[in-house]
Every structure is written in C-alpha cells, then in structure tokens.
Amino acid sequence: MKTLKFLIEKEFKQMFRNPLIPRLIVLFPTMVLLVFPWAVSFEIKNIRVDVVDHSKSVYSKRLTDKIAASQYFILHDTPPDYNAAMLNMENDETDMIVEIPASFDVDLVKRRESGVGVAVNSVNGTQGLLGSNYVMQIVNDFSSELRGELTQTLPPQTRVSFMRLKKMNIVPQYKYNPALDYKKFMIPGFMVLLLTILCGILPALNIVMEKENGTINQINVTPISKMNFILAKLIPYWAVGLVVMIISITLSFLIYGLWPGGGVVAVLISSIVFILSVSGLGIIISNYSETMQQASFLVMFFILILVLLGGMFTPVSSMPAWAQAIAAINPFNYLTTAFRMLYLNGSSLADVSGNLLALGAIAVVLNGWAVFSYKKRG
Amino acid sequence: MKQFIAFVKKEFRHIIRDNRTLLIILGMPVVEILLFGFAVNMEVQNIRVAVYDPTPDAFTTGIAERIRQNSYFNYRGSVQTMDEMEESMRKGELDLAVVFQQNFQEELVHSGEADVQLLSNSSDPNRGSIAATYATAIIAGFQREQTDLIQIPFQIQTENRMIYNPLMKSSYMFVPGIMGLVLMIICTIMTSVSIVREKERGTMEVLLASPLKQGTMIFAKTIPYMVISFIDFVIILLLSYFVLDVPVNGSLLLLFFVAILYITLTLSYGLTVSTLVDKQVNAVIFSAITAMIPVLMLSGMIFPVDNMPGALQALSAIVPARWFIEAVRKVMIQGLGVTIAWKEMLVLTGMTLFLLGVTIMKTKKRLE
Amino acid sequence: MSKKVIEVFNLTKKFGNFTAVDRISFDVKEGEIFGFLGANGAGKTTAMQMLCGISMPTAGEGTVAGYDIIKENERIKRNIGYMSQKFSLYEDLKVWENIRLFGGIYGLSDKTIAEKTNELLKQLDFEQERNTLVKYLPLGWKQKLAFSVAIFHEPRIVFLDEPTGGVDPAMRRQFWEMIYDAADRGITVFVTTHYMDEAEYCNRVSIMVDGRIDALDTPAELRRRFSADSMDEVFRQLARKAKRGDQ
C-alpha cells in the first residue's frame, strides 16, 4: 500500500507536466457543453417545401398559405410543374414537394373529397416521415376547417348523423420533458461521452507509452505488485473524471438550468463506477498494444462502438437483438440510461441501482483482465 | 524521381511489415460498417406500454387489445394504481401509459365524450412524441370502427411518396456518415501519430536533411497511407452495397473521385496536426477529439445541419466530413452527377490546399 | 571460497525458431564484478533479462540471490538493481522525483529517501540538478543517475546492461569508479559491455557467441589461454566463429 502512494504521485506529476492534458480536462468539457447541445436536435423545423399548384383555386391557395404559415415549413417556391420542383430537390434547395391537382376544388365541392400528392426527400428517413406527417396534419386541419364551413351544404340526413358523432378525447402528456427539449435529453449523454473519451483514451496510451520509452522495463525489474501498478494507473483517471463531472454538472446547471433531481451524489457515484470500467478497458488495450499507434486505433475502435451502440444518439430498443446483446455489456449504455433517469425522471440512486450493479460487474471483469493482461515477464 | 520512388517503397515496406497495425487499420472499418450499418437507426420500436383502467369495459379492453397486438408496442399489462405506474416510469421500465377515465364507455355513450390520457416518457423527446403519435393513431382507428359512422365529408387524402429512400432505411442516411467518420479517424491518426513518432525519436530531422525537398518527402510519406485509406473506402463501399443493400445510384467513378478528395483532405489534416504537437500522446488526443466529435455532432451524419441554429451551421461548414457526407449522399444515394456535387468537391479541394499550405509553412518555420 | 549469488544451468530462451540464448551455464560469486561480453545480438540482454525475472526462460534452471529464477522471480526483484541498455528513467520527472519514485517502490520511507537523496546528490556533485527534468541532462549524467538509482536500495546484485554505451572515455572512467565503489560496499556487479578495455576491469568475464558462452575466466587467464596481448584480441578470435550478424 505504501508503494502505491509513490506511484500515484508519479502519475499525477507526469499528467501535469504534459502541456495538453490539464488544459484538456478543463477546456474540453467546457467547449463540448457550451457548443454541441445546440447542434443536436431531431426536432424538424424549417423543412423547405415547393408547392406545385395546378388548381390555382381559392381552396388550393388557402392550403398553400396554411403550409407556408406552419412553424415546420418554409415555402421555398411555387414552380409551375413537378419536374421543375424535382430539379430544386436535386439541387438541395427544397426537401419536399406538395402537388395540388387541377381538379382539387371541383372534387372538394362536388365529390366532397379530394387529394394532394406529397413527395419528400427521405434519404434521412425520420425527417422524411415526420415531414410528410406534418403535411398530413395540416391537410387534416384544413379539411375539418372546411367541414365547419360547408356543413350546411350537406343533405340533412348526413348532417344529423355527422353531428351525433361520439368523441374520444386523446390527451397526450409528455412527462419529464414537457417542452420536448432535445438538449435536456442529450446533455447527460454528453457527460458520458466526455468521461468515455478522457478516461478511455488516456489510460489506453499510458502503459504503451512506457513500453515505447523503455521505462516499463525499469518498473518490471522491481518487486512492485501488478495490482498496485494498475491501481496507480487507474486512480488518477478517477480524479480526472470527477473534475470533468463537476465542471459538467456546474455548466449544465448554469447554462441550461439542468440539475439532477436524483441528486449530485448519485450522479458522482455512478460516474466513479463507470470511469473504472472505461479506464480498465483502456489499460487492457494498452497492455495488448505494441505501439501507440496500435493503441490509438484500438481505443478509437472501441470508443466508437461504446458510443454508437450505447443509446446516446439512437435508441438501443430499436436495434436488432444481437446489437442489444452488445448493449447489455456496454458500460456507456448503463451510464447514459442512469444519468438520464437521474437528470430527467427524478429517479433516485435506488432506482438506478440495477444499472450501477451492471456497471460494477463490468468494471470488476475489465479490471481483473487489466491486471491479468499486464505481464511483468515476457 | 528515382529517389522519390525508392522512398515511397521504403515507407510501404515499413507499413506492411507491421502487420498487426495493418490488420487493425483494414479490419476496423469492416467491423464498424457492419455493426453500425445494421444497428444504428432512429426507428421507434419496442415501446413498453401499460394500461391504467379503473373500470374495464368493452371499449377500454378493445383498445388495450389493439395496442397489445401492434408490433411497435411491447405490452406490459395493466397497472392497478397511478402510483405504481409513476414508479415504473421513473425506474425507466415504462415508456408509455394509457390512462382511461372512470366509466369510459358509459361516459362516451351518455355524454358523447370520454377522455383517454397518454402519458409518455419524453425524456427522449423523439421517442416520447412518436410513441404518443402511434398510440393516438391506434385509438383513433378503433374509434372509427366502433362508431360505425357514415363517411366523413370533405376529407382530403394525401398520397405520400418517399423519394430516394422509399423503404426509409436508416442505413441510407447513416452509411455515408459512417464512411466519413471512420475515414476521418483512421487517416488523421495514421498520419499524425506516425510523423510525430519520428519527431519524437529524432528520425524526422534526419529525413528532412536528405536531398529530397520537404514537400516531396511529405508527399512520399503520405502515398502509402493514401493507398491504404482508399482500400478501406473500397471495403466499406463493397460491404454497404452487398451486405447493407445501400444502392450506388450515381457514377462509381465520381464516387471514387470524391473519396480520393476526402482522403487527401483527412491525410492533410493529419499532417497539420503533426506540426502542432510534438508528443505522440498529444497527437492521438488531438486527432481523436477533433476527428470524432465534430463529425458526430456537426457533419449531418446524425443530426441534420438544416435544423441547427445559424451559428452552428456556420461552424459546421469547416467540418470536412459535412461536405464529404453531402457529396456521397448526392452521388451514391440520390444518383446525382457532378453538375450537382461540384460545390462539395470544390470545398473539399479548397480545404486540402489550405491545410497543406499551413503544414508547409509550419514545417519551414521549424527548420529555420 | 565465497558464496555464489548467481548460479544457472542450461538456461535457454527461444523466440519462435530463433534460439536467442542457448543452454548457458555459469555462476557468479558474491562481491564479484562479473563481465558479460559478446557482440551485438549475441544474446547478452536476453540472458540478463531472464536473470532479472522479466523474461521467462524456455528451458534450464538457476538461482539468483538464492531464489529460483523460474518460480521466485518476484522475490529475486527485491534483491537486485537493474540498469537497462536504453536509458529508462522517467524523462518527464525531475532528478529527485525519479530517485524518490524508485526508493518508494522498494519500500523505503519518505524520511530515508530524503536523507539518502541529499547524500547521493552531494556525492555525485549533482545538487544543482536536483530540480532538473531528466530529459535535459547530458547522456553521461543520465547514466550515472540511472546507476545510482539502480543501487539506491542497496541490492545484493546489480545488473548493468551496456552502462557506458555512447559516453566519452573520461565519463566511462568515472563510471567505473562508481562500479568499484559499489563492489567495495559488497554489491555484486553483473555487467555487459562490448568495450574490451572495460573487460580488464572485471574479476571474471564470460564471452557469448551466438547465444552460447564460449569462454569464461579471469581476463589474465583468458589472455594466456588464447595467447593474446589484450582482451580485444581474445574477443576477435572468438567472434570470428560467429554466424549471426549485427541485428
């Protein structure tokens, strides 16, 4: 235990002597939290629409105006025909084409029903789907508006049964994030991302750097225990991670008014368990790598998998079964879920204990492996 | 010229001899394109739903049954109290609760109106609102059948067409993004780390003192990396086409050209990084952070650039991957030609020239 | 006859098909300065690393400081010091910080470390450099520091791998004075070198060729046996048989 003190002291001195790392610990979280939450949103606004109006009637004009007035759409152009509109889409000037047929008004009045065509750029599938849904909503609103105005024109029989319609009021209530603010959802994810990058990359480079510099030999001829050596490598990253978390918690409160309903202590405790597991992974990578370049490719490889299959950007529940199985051993997934519960759902430490247990188990396995894979004798 | 070729050969041998690194560089994109191509998607599925129904009747059980049978939902049965429901939602075990009012059917028949509330866990706003939308559609459908009503007048049908991606596969959107991300990371780290390693060991100074001109020498060093990166791109493309079923609708030649422009750009960025730091650790950290985070957040890979506030859209313009991803989407998926994609290609070229200029200036300064 | 602190029998190390060290057997007595000679690639470093417990022998047996080199390698490490061929103190730590680190690893207390550090720096005339980052020291000074750190915890044996590689003759002489001082304090010195003049300073030398020990005796006896004027000539006669080139 006494030797541990000297080793930890050494790791800290080396860390602070690097011109980049101390600045990184402070500036990186600050930058990320200041800038990127504003970039992440699936909230679809500003969809550019071209309306091709073959009808040129009062009704088609009203529908066009309704689309233009919607918060979701920007009326980009009203080209004369579909091909002209399509050219706009190819030039990436418009996202959606609404085509109103020539018989639109006649059909409405005479046949009491009509139709419009919607074509949407769906390279981004979600955006395409939501965009066409919004148009459908506007069209539906428009048709009920017309219903109100035109009911008197209906034959009495139809009018009566139409008035007797029973109505189920469907009232959606958005819990935990009533304003549907995407930033609130993503910020806990950003915190996990910061921890993963800093506490994953730095340890992954650490031991392999000692290998390249030859200092590892000088350590290996000493009676130092493997456990102490690995612990001394891990503990400084705990400190790094905690500093990062404190900065992140403070900034997300000051800038976004976000405070963990589940308590700061719960957030910090979860972080500590998580840091152990990613740092352990880093050390394993370092042990198996011969050069820094290998270590850096490997650590980026794993970080990408942790992040992209970890539920930060896309939901784990929509992944295929095998990917969900990977998520079940992915520490990133457990901490992101836990943070979101603590921050948004107001869950308590007890509520996230399942996630913490899983994280703890992953940490034990990874660090056991880290100690095991560190070979003092070749 | 002879010297030049000899030098390129030497660099090649150097890289090929380290077969562990080579395996990682060529294997990494394979695993990642397959993992992410299949697993990363935005679809909202497996919505865990429970029903709170104080007075079950024909209508409420009918609606519950519809929800149970719907493939988007994962029906978790009914809860007895609102507290129970609140708790499991807080624990993250529930995404949506359908709450019927007391005596639902009776109210509906007698007063002509009855309330059903949809409590959706919207910590994920996307998932929360889509879950509520799905449930609304199911209930509305049930209502339409039950009320056995006459044709509602003045309906306007919308006929939707999804252009470029009729099946709305997430892979169409993500594959170009993953290409941009993986190439950026590999190319930047590969160049910056290996050059800084030579700086660290002092072998760079020896090379710079050789009769080859600096520019030529740096160019020679990057040729092998260029070849490897291009092989990576081809591997990714083959997997996307044959395994992920992403089409190549445009000209393959143009696509290769875009890829070469982007690879040159990312390698140049690696060179620039190598002039800014002098330790391998810092080269890795710097490359990793600047290559990964902006691509994930600002390139349009996941979050559409059009949705961002103006300042961030401006910031995203300096992210190389944004232009590459846009160009690949246009050429590969939308099947458009150079008349449309020239803008992106021009930006990629301009960025490359800028970075090479900075690199050469910085290198000169160091030697003086 | 004094005690033997190193005894090995048929020690072998293979890397794949390549036999780096081929069935070597020898012993080293307590307090001796034992020279371990050989051309580059002869297997000196590998042999030394097996003795230090950082390389696992493929075959053979032996003891160092009374402990088995196969099973008790961690115990051996308590009793030895090691200075590797490539300078391997921490370049981004200061002089005193390196001393403190290795003192601490061997279980010395803060107080002992502080006292011994002062003493050491005075002895080496290094007091001005106490707070210098090691990377800024000239090579000769680095080597001296590395040696001092290797014997800071008073080991029974110190292993030196090419300790004077690349330093000027004056510095080499100073370095050998330090080695003699250590030997006088009872530390056994096991040193590899390819400077043949240095071989003369050793009590006994062994000469490795292609992974095997081809000769082992006092320098005087070796010169006599090979009827040579200098160790250099002895070495050249033996090295002529070598098949491995410089690697």
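Chain B and chain C do not touch, and their nearest C-alpha atoms lie 12 Å apart. The model is predicted. Of the 2 pairs of chains in contact, chains A and B share the most contacts.

**Chain C against chain A**

- On the chain C side, 25 residues are in contact with 19 residues of chain A.
- Three elements of chain C each give two or more residues to this side: helix 2 (73-78), strand 6 (80-83) and helix 3 (95-105).
- Helix 3 of chain C gives the most, with 5 residues.
- By class, the side of chain C that touches chain A has 11 nonpolar, 7 polar and 7 charged residues.

- Helix 2 of chain A covers residues 21-35, which is 15 residues.
- From first C-alpha to last, helix 2 of chain A reaches 21 Å, close to the 21 Å expected at 1.5 Å a residue.
- A kink of about 30° lies at L27(A) in this helix.

- The buried residues of helix 2 of chain A are L24(A), I25(A), P29(A), V32(A) and L33(A).
- An α-helix has 3.6 residues a turn, so residues three or four places apart point the same way.
- Within chain A, the buried residues of helix 2 pack against helix 8 (182-213) and helix 10 (226-256).
- From chain B, helix 11 (280-298) also packs against the buried residues of helix 2 of chain A.

Technical notes
Residues numbered from 1 in each chain as written. Chains lettered and ligands numbered in written order. Predicted model: local features only at pLDDT ≥ 70, side-chain atom pairs only at ≥ 80, totals over all residues. Contact = placed C-beta atoms within 7 Å. Helix = DSSP H or I, 4+ residues; strand = E, 2+ residues; numbered from the N terminus. Expected span 1.5 Å × (residues − 1). Bend = angle between axes of the 7 residues up to and from the residue. Buried ≥ 20, exposed ≤ 12 C-beta atoms within 10 Å, placed from the backbone. Nonpolar A, V, L, I, M, F, W, Y, C, P; charged D, E, K, R; others polar.
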